[in-house]
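Visitor: Please take me through this model one point at a time. I would like the cut-off behind each term as it comes up.

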Amino acid sequence: MRRLSSSIAILLAGAASPALAQDRTSDNAVTQAEDAFGFSVGRESLGIYNAGNARGFSPSAAGNVRIDGLYFSSSYDLNSIVLDSTSIKVGLSAQGYPFAAPSGIVDLSLRRPQGNGASIIVNGDSYSSAGIEIDGSLTLNQHLAIGYGVTASRVAFPDGTANFNHGQGLIAQWRPASGVEIVPFWTLNNDYDDEAGPFLIPGGAYLPPLPPEHRFDGPSWVDYRYTATNHGVVASYAASKTWLVRLGAFRSVFDQKTGYANLLVDIQPDGTAERIVEADPRLKNQSLSGEMRVTHSITDGPRLHVIHLSVRERSARRQYGGSGVVDLGPARIGVTEQAPKPAFTFGPLSRDHVQQTTVGLAYDGRWKGVGEIGFGISRADYRKSVDLPGIPTVTNRARPWLYNATAAANLSAKLTVYAGYARGLEESGIAPAGASNRNQPLPAILTEQKDAGVRIVLAPGLKAVAGVFDLRRPYFSFDGGGTFTQVGTIRSQGAEFSVSGKLTSRLDLVGGGVFLRPRVVRSASAVGAIGDRPVGLSSHLLIANLNWRVPGLNGLSLDVATVHRGATPATTDNRVILPARARVDLGGRYRFKLAKHDATFRLQMSNVFDQIGFGIAGSGVYTGISGRYVTGYLAIDV
């Protein structure tokens, strides 16, 4: 392969990922995470943010997902067989990403098959879950390697529900010529007998009684059944020392064959309620998406100029509505429902189709020892067609300008300051369970974000990042009639920090936190009481994760994870607030040789002090959360 310029080599290195199979025994989120903003690898995850929540919003629902940096619109998540890791990019960690997104970026990193080998992972937990994963890679020749994998598991949940699922995946790395890499992949997930856990909806401004753990009280026939596939290709071509062409093309399909919402409504303080079940007809959502990006780099002494021209495409189709509803009558939390399955009558489906083309130009400038600047401008052509039963097709179209700018300055070898602004067109997700318009896709919205902060190198291998941000976007919640719709706008101001790296040669730390001050401005047309604080956003979240390699016991490490979440509004009118909650997890892992093969045994006790409570599934809609439980797995590289 001919020698590439340093700029193109950097870009190619950023798209590369670790080997597929032979090193599953080394998965460790604490030692591999670059910061505390959100990271997952294998079966482990940590961070103050995740794909469903970054700075108070969902980057995944907003459509800010990338595969190896390229645009991906998903109907269902990639499975672990082809996925190496997931990182949440916000603030300084998103510096250098062209076309920054206001709600943060979910960066999915594909594995690359390499060498010949396989890994076997068996897992279980104290809820009676059990599973197995087998994946591996096979090098066919110097140009082509193939990765493969299968998974199967029975997952038991805290509310007593359970499912059976299995998945398969294939991925390849083909380098047919110098400077060319083609990585196609395919995944399939199958889910069976996935019982619909209860959503708890009190009859007033109070929390419901806690449901008993490990006891499913719903009808035996409320089972989800679905299949989901993701397939696509990521390709790159280094046309010269300064030109790079990258392509990502993806298809994502979620086929829900059966689906239910199991609702306990009008719950009284003594646990009595009314049980309502909503059944869905078969629903199929699919999305075609991708990006073509041409990158040109110019080296000017200590300065590097990188210019990106990008075209992103999306064509997404959703089905919703048509649900059948049955009232099963009086019920009580914890008492098993014995009603036989009724004959549901389904209505006609509603459909929507989103087509979007976004053309953009971005610049990233780096001056060694001085800093970086970047900006981007895009024009989005957005079209959404909605077909409702008995109503002529309604089409909405928008062509907004989207733009972003970032700057970072190296004040010293150990101190960097940064600032940024982004304006984006983002999706809003779907209406949640309990809404009269459940599963209905919400409209796309314009959002904006301002942020600034500082990065400090505290010691070799240890760094800290701290910043502030200000996000503004429309606010969706339940109105007085039970419809999930826009009821105002939200301004989310906050501060975040991360400390990560090595405290000593044996002790690793990933710690951080976010403090939020979100405020709602009510729409004049909103119906019902609207509080000042948005549902589901806590006042703060603090985490600390430590991993200690025990001296004198080679291969043994112990870890602790702590989380403290602040008080959280649970209803649109703010009359119910979930109290602050803390959790402590303790664990350990032992790396050893098993029949001359690398192996790791991992054991963890989560929620050591059994702090139970509620999760929020929407305004005044609750689910139970896990109490104390134990998980473990054995990974073997062969």
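**Rings, charges and a surface patch**

Visitor: Is Tyr 127 buried or exposed?

Guide: Tyr 127 has a relative accessibility of 9%. Buried means under 20% relative accessible area, exposed means over 50%, and partly exposed lies in between (1.4 Å probe, protein chains only). Tyr 127 therefore counts as buried.

Visitor: What kind of model is this?

Guide: Residues are numbered from 1 along each chain as its sequence is written, and side-chain values use heavy atoms, with hydrogens and water left out. Local features need pLDDT of at least 70, side-chain atom pairs count only at pLDDT 80 or more, and totals for chains, interfaces and linings use all residues, because the model is predicted.

Visitor: How many aromatic pairs does the structure hold?

Guide: Rings of Phe, Tyr and Trp (its six-membered ring) pair if their centres lie within 6.5 Å; planes under 30 degrees apart are stacked, over 60 edge-to-face, and the rest tilted. By that rule the number of aromatic pairs is 15.

Visitor: How many residues apart in sequence are the parts that Tyr 76 and Tyr 226 tie together?

Guide: These two rings form a tilted pair, 5.7 Å centre to centre with 55 degrees between the planes. Helices (H or I, at least four residues) and strands (E, at least two) are DSSP runs, numbered from the N terminus. Tyr 76 is in the loop between strand E4 (70-72) and strand E5 (83-89), whereas Tyr 226 is in strand E13 (residues 223-238), so the sequence separation of the parts is 150 residues.

Visitor: Is the pair of Tyr 127 and Tyr 629 stacked or tilted?

Guide: The two ring centres are 5.2 Å apart, and there are 20 degrees between the planes. The pair is stacked.

Visitor: How far apart in sequence are the parts tied by Tyr 127 and Tyr 629?

Guide: Tyr 127 lies in the loop between strand E7 (117-125) and strand E8 (130-139). Tyr 629 belongs to strand E36 (residues 629-637), so the parts tied by the pair are apart in sequence by 502 residues.

Visitor: Which ring lies under the charged end of Arg 303?

Guide: A charge sits over a ring if NZ of Lys or CZ of Arg is within 6 Å of the ring centre and within 35 degrees of the ring normal. The charged end of Arg 303 is 4.8 Å from the centre of the ring of Trp 367.

Visitor: How many salt bridges are there?

Guide: Side chains of opposite charge can pair when their charged atoms come close. A salt bridge is a side-chain nitrogen of Lys or Arg within 4 Å of a carboxyl oxygen of Asp or Glu. The count of salt bridges comes to 29.

Visitor: Which residue forms a salt bridge with Glu 44?

Guide: The closest N and O atoms of the pair are 3.4 Å apart, and the partner is Arg 602. The pair links distant parts of the chain, 558 residues apart: Glu 44 is in strand E2 (residues 44-46) and strand E33 (residues 597-606) holds Arg 602.

Visitor: What is the relative accessibility of Arg 55?

Guide: Arg 55 forms a salt bridge with Asp 451, the closest N and O atoms being 3.2 Å apart. Asp 451 is buried, with a relative accessible area of 11%. Arg 55 also counts as buried, at a relative accessibility of 1%.

Visitor: Is Lys 593 buried or exposed?

Guide: Lys 593 meets Asp 598 in a salt bridge (2.6 Å, N to O). Asp 598 is partly exposed at 32% relative accessibility. With a relative accessible area of 57%, Lys 593 is exposed.

Visitor: Which element gives the most to the nonpolar patch?

Guide: Patches are made of residues with over 30% relative accessible area and no salt bridge; like charges are joined within 9 Å, nonpolar side chains (Val, Leu, Ile, Met, Phe, Trp, Tyr) within 5 Å. The nonpolar patch, with Leu 247, Leu 309 and Trp 401 among its residues, has about 890 Å² of accessible area together. The element that gives the most, with three residues, is E17.

Notes: Accessible areas come from the Shrake-Rupley method with a 1.4 Å probe; for residues, only the protein chains shown count as cover.
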